[in-house]
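Morning, everyone. Please take a look at the chain on the screen, and then I'll walk you through it.

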Amino acid sequence: MSPRRGGYSSYTSGYGSSPWSEETRLSLDYSYRYPNYRSLFIAGFVFHILTAVAFVAFLIWSCTIRNRGLPLKGLISALFAYILSELCSIIYEALYIADVYVTEYYRIILMLGTFFYFLATLLLFYVFWSLVHRLLGRLTDSGKPYAAVTIIHWILLGIISAVSIASWGMFVAYEVGQVTYISLEITLAWIDLDSALTIIFWLLSIEIAAWTIFVIVKAGTHRFLSKTPAISLLVGSVCWFAVNMMWAILAIRYNLEKGNSYPVYLVCAKPVIIFVFLVGTFMGIVLCCAKWSTLGVGPDKYEHAAVTGQYPPQYPPGQYPGYPENSQGQYAPAQYPPGVSSYQYPAYGHHAAEAPAPAPVPAHSPQPHSPQ
């Protein structure tokens, strides 16, 4: 899961200097073993740039969406974190392509890139679960998602956040160990923890896709005025599942199973897969948020009030209760209870141009005499 990719490094140092001040040559000089390595590396580098450009476009699109009831802050923050992570990868790989000498402080780029990657991943899980909760709320009479589902999701988010912090801390220790030559046990522990976290992300992405399918099937044809937001979220969740499945397969194949060599073609294949499916992930999420209003007014009146500033009407537009008319287009005469004056019940459907009715007379008062 680290943005670090393979390359050739050589070290030069002076006597008594700090290990972090040692100069390191970052090079792609693998032609004697892998003739196509440099071209594959550069192709992957180009796709990292394309991914960053796509994230910037999605960030601009997300900022144009106006809907206070959606997790737009989390979406924008996830995109911003992904952009920073991709920029760290681009800078790191550009150093290898340029074939330059750098100090060991270049490893800080890897630490920052991994941190932003974990942050973006956690924020993306938050956005997915928040949108799933809002869709589930439209399937219940109360307008709220199932309480058990909400509680479990936020507990899971807390757990993976804690494990991600631990994994990033061990990665920092691993990078520091590459400079200070610490024990190999920390390296092995970090690889195992990072691989386990990758598999957990994959399983949680399956759960998100399953909930999205459940919402679409449960809604049928009468719950939503438009299924575009739900279908868009399904596309995004399937692409998110594909990205995490790739990381899980690589972790199981080349980290947990010892002795398997890392194929050279993956330096190009990984950026291509990440570009295709992460672009699909954010396309689905952003389109879901952009088309959210097409769902119509659901049972969640509190969400509707938060978005529009007013509560939904009792009757949909154009469906207010009407009153019978006769064949001449006149309203039928109103029916009143026996012994009750018509003045006590104003008739519906009279035009304002009609003469005003006389003031009502109390039932217990005598009727006025007619003039003589």
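A word on the record before I use it: UniProt positions are given in the numbering used here, feature names are shortened, and annotations may be inferred rather than shown by experiment. The unreviewed UniProt entry annotates "transmembrane region" at residues 40–63, 75–96, 108–131, 151–176, 196–217, 229–252 and 272–292.

Now the ground rules. This is a predicted model, where local features need pLDDT of at least 70 and side-chain atom pairs count only at pLDDT 80 or more, while totals for chains, interfaces and linings use all residues. Residues are numbered from 1 along each chain as its sequence is written, and side-chain values use heavy atoms, with hydrogens and water left out.

The overall layout next. The chain has 8 helices and 3 strands. Both are DSSP runs, numbered from the N terminus: helices are H or I with at least four residues, strands are E with at least two. From the N terminus on, the order is β-β-α-α-β-α-α-α-α-α-α. Of the 372 residues, 40% count as buried, meaning under 20% relative accessible area; exposed is over 50%, partly exposed is in between, with a 1.4 Å probe and protein chains only.

Back to two of the annotated spans. Residues 108–131 are 100% helix and 0% strand, with end C-alpha atoms 35 Å apart. Residues 272–292 are 90% helix and 0% strand, and there the end C-alpha atoms lie 30 Å apart.

How do helices α3 and α4 pack? Helix α3 (residues 107–137) and helix α4 (residues 147–180) have axes that come within 10 Å and cross at roughly 175°. Axes here are lines fitted to C-alpha atoms over the stretch in contact, and angles run from 0 to 180 degrees between N-to-C directions. So α3 is roughly antiparallel to α4, the term for angles over 145 degrees.

Then the rings. The structure holds 26 aromatic pairs. Rings of Phe, Tyr and Trp (its six-membered ring) pair if their centres lie within 6.5 Å; planes under 30 degrees apart are stacked, over 60 edge-to-face, the rest tilted. Phe47 and Phe275 have ring centres 5.7 Å apart and planes at 65°, so this pair is edge-to-face. Phe47 sits in helix α1 and Phe275 in helix α7, so the pair ties together parts 228 residues apart in sequence. Phe47 is partly exposed, at 24% relative accessibility. Phe275 is partly exposed too, at 21%.

Last item: ring pairs link Phe55, Phe58, Trp61, Tyr82, Tyr117, Phe118, Trp247 and Phe282 into a cluster.

Notes: Angles under 35 degrees count as roughly parallel, over 145 as roughly antiparallel, 65 to 115 as roughly perpendicular and the rest as oblique.
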